[in-house]
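Please open the model in your viewer and follow the stops below in order. Each stop says what to select and what is there.

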Amino acid sequence: MMEFAILGFLADAPLHGYELRRRVAALTGHVRPIADGTLYPTIKRMERAGWLRRDVQAGQVAAPRHVLILSPAGQAELLRQLRTPDELFISDENRWFTLLAFLHHLDDPVAQAAVLRRRLDFLTQPASFFWDGDRPLRADDFPHDPFRRGLFRIATATSRTEIAWLRDMLTTLTP
């Protein structure tokens, strides 16, 4: 997910490593905080893959600044991942939100709609946090547990809102 977020933010604009870290943390940091020991090895790995490059610019006061720039290969990789996201990017809410943040880079309404349709298909399948054999349990199955009932209530409201938005977007994107 971090590599994807880096590709997405660098597709928006070249960034200094510190600014990139700040943006990735703002988008995904509530899920997993971004440590320098994670970010900079990822950046180096992406450089070796040819997805980004560094441009050294003179610093305002002292040391030169390293600005990260997305390469054509990095742009192609971002577009590949946007067109055919892994299943976890469809099913996992945090990954989905990261994908959604950069879906505008996929400049093809038909391809965008295909990604949204995958998410809609996922959300409209029977689901639950708890199961009784093959039967998904619902809030009413926990009459004496206000916390599980709350979990279901919040999740249901969120899913309904997202489903409505997805359907609206699909109407907009498809003629």
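Select H1 and H6: their crossing is left-handed, a word used when the near helix is turned anticlockwise from the far one by less than a right angle (right-handed if clockwise). Helices here are DSSP runs of H or I with at least four residues, numbered from the N terminus. This is a predicted model, in which local features need pLDDT of at least 70, side-chain atom pairs count only at pLDDT 80 or more, and totals for chains, interfaces and linings use all residues. Residues are numbered from 1 along each chain as its sequence is written, and side-chain values use heavy atoms, without hydrogens and water.

H1 covers residues 2-12 and H6 residues 93-102; their axes come within 10 Å and cross at roughly 20°. The axes are lines fitted to C-alpha atoms over the stretch in contact, with angles from 0 to 180 degrees between N-to-C directions. H1 is therefore roughly parallel to H6 (angles under 35 degrees; over 145 counts as roughly antiparallel).

Now show the side chains Phe4, Ala5, Gly8, Phe9 and Asp12 of H1 with Thr98, Leu99 and Phe102 of H6, which make the contact (heavy atoms within 4.5 Å).

Next, select H7 (residues 109-123) and H8 (residues 146-173), whose axes come within 10 Å and cross at roughly 155°. H7 is therefore roughly antiparallel to H8. This crossing is left-handed. Residues in the contact include Leu116 and Leu120 of H7 and Trp165 and Leu166 of H8.

Finally, colour domain 1 (1-84) and domain 2 (108-174), as given by the domain assignment. Their C-alpha centres lie 32 Å apart.

Definitions and conventions
Helices (H or I, at least four residues) and strands (E, at least two) are DSSP runs, numbered from the N terminus. Angles under 35 degrees count as roughly parallel, over 145 as roughly antiparallel, 65 to 115 as roughly perpendicular and the rest as oblique. Domain bounds come from an automatic or database domain assignment.
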